[in-house]
Structures are given as C-alpha cells and as structure tokens.
Amino acid sequence: MSLSLRPIAEKEWSAWITLDEEAFGNAIPPHRAELFRRNAEFDRSLGAFEGDLLVGVTSVCSFTMTVPGGPIPVGGVTSVGVLPSHRRRGILSTLMTRQLTDLHERGEAVAALYASEAAIYGRFGYGRAADNLFFNITKRGPALAGHAPADPALRLRVVAPAEARAVFEKVFEAVLDSRPGLYARTPARWDAVLSDHEVDQGGAGPLRAVVVEDDGGPRGYALFRIKSNFTQHDVPDGELRLKELFGLDPAAYALLWRHVLERDLVTRVSAWQRPVDDPLIHLLAEPRQLNAGWLDDLWIRLVDVERALPARSYSAPVDVVIEVEDAVCPWNARRWRLTADASGARCVPTEDPADLTLPVTVLGAAYLGGRPLAALQAAGVVRESRAGAVRELSVAMSWEPAPWAGLIF
C-alpha cells in the first residue's frame, strides 16, 4: 500500500466527515459537522491518502492551556481515525509519528488529547495526566451541609444561555488560570458549548442557565438541562443534567450547587466530567449520595522534554538526573538534569549517571501535577538509581488543584 501524507484541504471536508463517521461508528448531524468545521484548523490536519481516497486522519487544535505556574501553547490532538477497511496496516502509527515530528518542528513542546480508547495512545508516548468524576446524585433531605459557605450579597438570576454568553465568557476567563488543564476557548468552541439543537438536547429539553452575581458583577454560572418525568402515581421524578458549573469563590460555587440540587420536580442530578477534587464532595450533607464514578480526562505528551519541563513551575526545589525512554521521539531519549527552585527551572542534557529512569509517558502523566510517581514506581514503570530521587521529583511536580480540562476537544 502506497500512502501520501498531507494536510486536508477545505474542499475535502466531506471526505473528512465521512471518515470520522466510519471510524467512530456514529452519524454526525449537519449542525455538529459545521461546528466541527469551524473549530478545525485545516493547515494543522494530516491526512493519509491512498491515491485520492482519504484513509486516515489526525488533526491539531492550537490551544493556550494552563499548566502549573501559568499558560503555555499546547497542541490539542483530535479527530484521530482510520477507515475500518484499512486498519492494522500501520496507518495510525504513521500519522501519529509524523504529527509528533510536525509539532516538534513547529516548536510546541507539549501535546494533549482525549482518548476514545485508553489503550491506544501510550504507544505514542501520551500519559494519563488527569482524571474526572461523574456524579449521579439522588436527592434526599437537605442538599448541602450546614458548613456550606454563604454570602448574603449574592443573588441568583435565571438567564437565557444565548443571551448571557458574554457573562459565561467573563467568568470562564477569570477561572482559566486557576487549574492545570483548562484551555482558552475560541468563539467557535463557545458556539459548540452553547449549541442547543434537538440532537444536543438528548431528550432533556433546552439548555438552561443560572448566573450568580453581586453588585460587582457575575460570580459564576451553571449550564444544564432538565428531563421532566413523573411516576405512574404522578410523583415528580425529573433529572437535571449538568453541563458545566464554575464559581469564582466558595460562596458563589455553593450557591450554584444549591440551586442545581434544589430545583423543583427534580429527584436526581447527573453531572459528568467533574474534577476529582470537586469541592462539592465536601459540601453535600450526605456525600454518599454522590454515587461517583472515575474516568480518564486529559492525556499529555511531552514532545520536547528539554523545553517542556522548564515551561512549568514546581512545588519544591529539585535537582535530579532523569533518563528518558522515548522510542517515538528520539530527540528526547537521553539523560536530562532537571533543576528547579524559586527562581525558575532548567532542563539540560547531561552525561551524569541517572537518578531515575522512566518512559516519556510517565513525564506526560505527571506533567500537570496530578499523578504522583510513587504508584508508578510501585508498578515498576519508574526505576530509581538514587534513593529518594523518585520522591524528590514527585513532590516537586505535584500541584494543587488537580488537573482537569472539563471539555472534550
């Protein structure tokens, strides 16, 4: 099989959509295809062609993403797929390897993705860097505990989502730098967040919103849908499906959750993709009612170790020699001395003996500060040559709050 690799032209958009539908086994409604097209960067797409037939694709979104210490440019990898008729021929490996080379040549030191299947991307050096929780909250008795913060200056306002977009954007911009993994949203991405076609509703009705504010302006918002239902005995049994919720301070955050949990005619609240350290865990009067589950969130790949490690901040001083194993990006596969203190961080090549040896996937998993290295050492993935080196690096790379992107791209 002879393949050619090149960016996908805008006139080939229908072929791209067709491939995505075949690869992921779904039908993409026209309005979602249009939202996808508006978010696509055609010059950053990479198609594998067999003659004129598009048989594989991957693409990158140019993001500014928060990492420990502040925002950096990150390549958001998305739309990775191969025609089912062309699987097991090395097309995915060819695309992913070429993409990493392109990212390196472009100067982006870090890549991120959401994985459709968790087993795929470790082969290409991506590490599971963030997790999320989902809640299926049943309502019984008081929603929040007595210690939940409150501010009498705050008030709630029900708003039409399409008319309050500027408020949402303002709040989101204010929280953007507060948590590793959050990334800046383009207008086209906000269009996708607020899309409210029938297929978006999933049988749960129109998108609804509430804003919390004081005399100084908005302090937070929640987006959700309500699936109305009654039992055969006419007892209310509705479900509120939370889309996203952000508050700028504890009192605003608690008030938004109180509103969500105390909506009339609703007996349960479903919330997907919540951070693993969500304050709600400590606010519920009965935390067992969370009925929480755990899933992976962001996967991170250090495309250029030498530039990626100094681009973030560290929670403690560190001076270690790391031997990095990287079969896909050979420029990373060597020993590096990482030093960091209050003045900043440096990562330079060295011939000194390694204090610890690890695959590049581990650095990606730890990069956002939410993956301690001790468990990976216990699993045999990290090998220590100098006693205490793993703990030293793990403490330095740790960060609070936990990483979380909260919005699949």
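I call a residue buried when its relative accessible area is under 20%, exposed when over 50%, and partly exposed in between, using a 1.4 Å probe on protein chains only.

**Ground rules.** I am reading a predicted model, where local features need pLDDT of at least 70, side-chain atom pairs count only at pLDDT 80 or more, and totals for chains, interfaces and linings use all residues. Residues are numbered from 1 along each chain as its sequence is written, and side-chain values use heavy atoms, with hydrogens and water left out.

**Entry: Arg185.** I looked up Arg185 and found it buried, with a relative accessible area of 9%. Arg185 sits in the loop between α4 (165-175) and α5 (187-193); helices (H or I, at least four residues) and strands (E, at least two) are DSSP runs, numbered from the N terminus. Leaving aside neighbours within four places in sequence, its contacts (heavy atoms within 4.5 Å) include Phe172, Tyr221 and Glu244.

**Entry: helix α3.** Next I checked α3, which has 16 residues, 91-106. Its buried residues are Ile91, Leu95, Met96, Gln99, Leu100 and Leu103.

Entry: I then traced an open sheet of 7 strands in the order β1-β2-β3-β4-β5-β14-β6, with mixed pairing; two strands pair if DSSP finds at least two bridges between them. β1 and β6 (127-128) stand at the edges with a single partner strand each, so one side of each has no neighbour in the sheet.

Key: Expected span 1.5 Å × (residues − 1).
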